[in-house]
Amino acid sequence: MTVAGIDNDKAAVDAKPGAGGDSRSPARRAFDRFMRNKSAVAGLIIIALMTVTSIFVPILSPKDIQTVSWEYVLSPPSFETGYWFGTDVNGRDLFVRTFYAGRISLAIGLLATAIAFMIGVIYGSISGYFGGALDSFMMRVCDVLYALPTLFFIIILVTVLGAKNIFIVFMCIGAVEWLTMARIVRGQTLSVKQKEYVEAAKAIGLPTSKILARYIVPNVTSAVIVYVTLLIPVNILIESYLSFLGLGVQEPLTSWGLLISQGSVEMENAPWLLFFPALFLTVTLFAFNFIGDGLRDALDPKDR
Amino acid sequence: MHSTPRTDDPPVLECRDLAVRFAGDSGEVFAVNGVDLTVRAGECFGVVGESGSGKSQAFMAVMGLLAENGRASGSVKLNGREILNAPRKTLNAIRGVEMSFIFQDPMSSLTPFLRIGDQMCETLIEHSKISRADARNRVLEVLEMVRIPAAKRRFGQFPHELSGGMRQRVMIAQALLCKPALLIADEPTTALDVTVQAEILDIFAGLKKHTNTAIVMVTHDLGVIASICDSVAVMYAGRIVERGAAEGVFYDPQHPYTRGLLRSIPSITDDPNADAQVIGGQPPNLLNLPKGCHFRPRCENAMAACAQDLPPLLERKPQHFGACHLEVTP
């Protein structure tokens, strides 16, 4: 009986498609699916290259972000002069500036999104899990904040708090962009908390904090992780608007938005000043979107 | 006689006048009403009934796991201590330690993101000051107790790598980790195929033999009851209509509903072309219960009195209770 039982179970495990010998965690399986998606991997490579180049740009080029050259003012891109992307009105190397700008833009994209992610997940899972009056209250707060025009709200925040500190810009964007995240997480939590494993966790006497941290959050993050990757380009773009309006990054630091803003002034006699930052911004946004799409397919293979 | 546990033992679980009601859009619904039952150490107590008879909700109330719109009233004593509507903190110290619950569907009762071993260790570490290594040893010990082959390998696996039967064993093992006095199993075999069902029941039978845990088996499968339960309660429309030792209920049913249930079990000797034996009609709408005996519209023995009063649960044979207006047949 027992021996037969063991054999039966072994057979049952082996017969299950995708189950036999597949000892990868759910996250690992999603990762493997992601890596098979060509455009997503291309996006990942682009972002990685962009990040690495931005970090190591001082090694790649001897020129500094502030080095001015009176001989080459508004000089077009050329290999002979050594100014691959040309120079701006002050004779500063656009190549160096574009990558320094990349540091700021990528950092804003990642940090502001991380802040939005943390607030959104905590807020949304608490709201969804406890439900009732607390949920209604928390969601009405969300609705009220939603009603404010995002950009307008960020501009007010930045103006009030002062744009001198770049971290305040990060915080302001993050503090506004968590709303959608909180809604997604709440919705997912509402469905996950009905699952039997949450009931089972209650039945073994786990405290609410542990149920939230170990049973709810891991099961809802897969739904927001896609939104997170799509929020990064949105935040980069928001920072660009702010810089364009003069409220974002301040000189001597620069960002893609600021470069585009400055380039647009010289659009007619020095189009490269607009072209290169815009190209980098666009490519980055595309890359993040490809990664987001790839993640969505990887995390939910049924929904294609 | 059946090996019924001694009736002078203090009861592990004692429910008195347990009622569960749900606030709905169209008024309040009593899912469970006036349920009295006693479960003693070492006893296996079966609760049988149709879907919606309140059998699961009664024990969800015991565990304190009712849905948000559910309210429980009456009294539930676990080892002599009142636990009904106790604060969550008190319940968390009891759940998983003194009483455990096994859910119906093993496929969805384990969180997909944690390894089997981690999920199980969590219970132990939460409830006792135990080191991870000791927790691991205890988990392996229990996994072997529920006859999981290669327990060491299973420990590091994810739920999706296990079959339904294996997962149900893991659930049982998890429920047993802290050696509870009471184990409530809500249709533990319903979601499994027949051969695996038999193996799971075998594990419960082994538990009964080797531990002193009181087991409550909630099911709609009379075969499950017959194979391991000492005593049975039959529920209909939220009330217990018959209660007694398993043998008494099976061989001398006191309620027409029980008789109908027993008759509806198909037998291998039945004429395959004949219609299946069924209890006519539909389970009652809990929002609009028939006056008098709730079973009257479907009862073949209905009399005038049945439309008037709800029959009380009375002792019709020694230690065998039934709620019916019919005369006791000797």
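Here is a quick rundown of chain A's helices, its contact with chain B, and the main nonpolar core. Keep in mind that this is a predicted model. Chain A has eleven helices and zero strands, while the biggest nonpolar core brings together 162 residues. Chains A and B touch through 30 residues from chain A and 37 residues from chain B.

**Chain A overall**
- Reading from the N terminus, the elements of chain A go α-α-α-α-α-α-α-α-α-α-α.
- Chain A has 304 residues, and buried ones make up 39% of them.
- Take the contacts in chain A between residues at least 6 apart in sequence: 69% of these link residues at least 24 apart.

**Helix α4 of chain A**
- α4(A) covers residues 94–130, which is 37 residues.
- Of the 37 residues in α4(A), 27 are buried, so the helix is largely enclosed by the rest of the structure.

**How α4(A) packs on α7(A)**
- Two numbers describe a pair of packed helices: the angle between their axes and the distance between the axes.
- For α4(A) and α7(A) (residues 166–192), the angle is about 35° and the axes are 5 Å apart.
- The residues in this contact of α4(A) with α7(A) split into 21 nonpolar, seven polar and three charged.
- As for handedness, α4(A) passes α7(A) in a right-handed crossing.

**Where chain B meets chain A**
- The contact draws on 37 residues of chain B and 30 residues of chain A.
- On the side of chain B that touches chain A, at least two residues each come from α2 (88–94), β6 (99–102), α3 (116–127), α6 (164–176) and α7 (194–210) of chain B.
- α3(B) gives the most to that side, with four residues.
- Sorted by class, the side of chain B that touches chain A holds 15 nonpolar, 14 polar and eight charged residues.

**The largest nonpolar core**
- Within this 162-residue core, the residues with the most contacts are B:L182, B:I184, B:I215, B:V216, B:M217 and B:V234.
- What does B:L182 touch, once its neighbours within four places in sequence are set aside? Its contacts are B:V12, B:L13, B:V39, B:L78, B:E98, B:M99, B:A214 and B:V216.

Conventions: Residues are numbered from 1 along each chain as its sequence is written. Chains are lettered from A and ligands numbered from 1 in the order in which they are written. This is a predicted model: local features need pLDDT of at least 70, side-chain atom pairs count only at pLDDT 80 or more; totals for chains, interfaces and linings use all residues. The expected span of a helix is 1.5 Å times one less than its number of residues. A residue is buried if 20 or more other C-beta atoms lie within 10 Å of its own, exposed if 12 or fewer, and partly exposed in between; C-beta atoms are placed from the backbone. A nonpolar core is a set of buried Ala, Val, Leu, Ile, Met, Phe, Trp, Tyr and Cys residues joined through C-beta atoms within 7 Å. Two residues are in contact if their C-beta atoms, placed from the backbone, lie within 7 Å. Axes are lines fitted to C-alpha atoms, for helices over the stretch in contact, and angles run from 0 to 180 degrees between N-to-C directions. A crossing is left-handed if the near helix is turned anticlockwise from the far one by less than a right angle, and right-handed if clockwise. Ala, Val, Leu, Ile, Met, Phe, Trp, Tyr, Cys and Pro count as nonpolar, Asp, Glu, Lys and Arg as charged, and the others, Gly among them, as polar.
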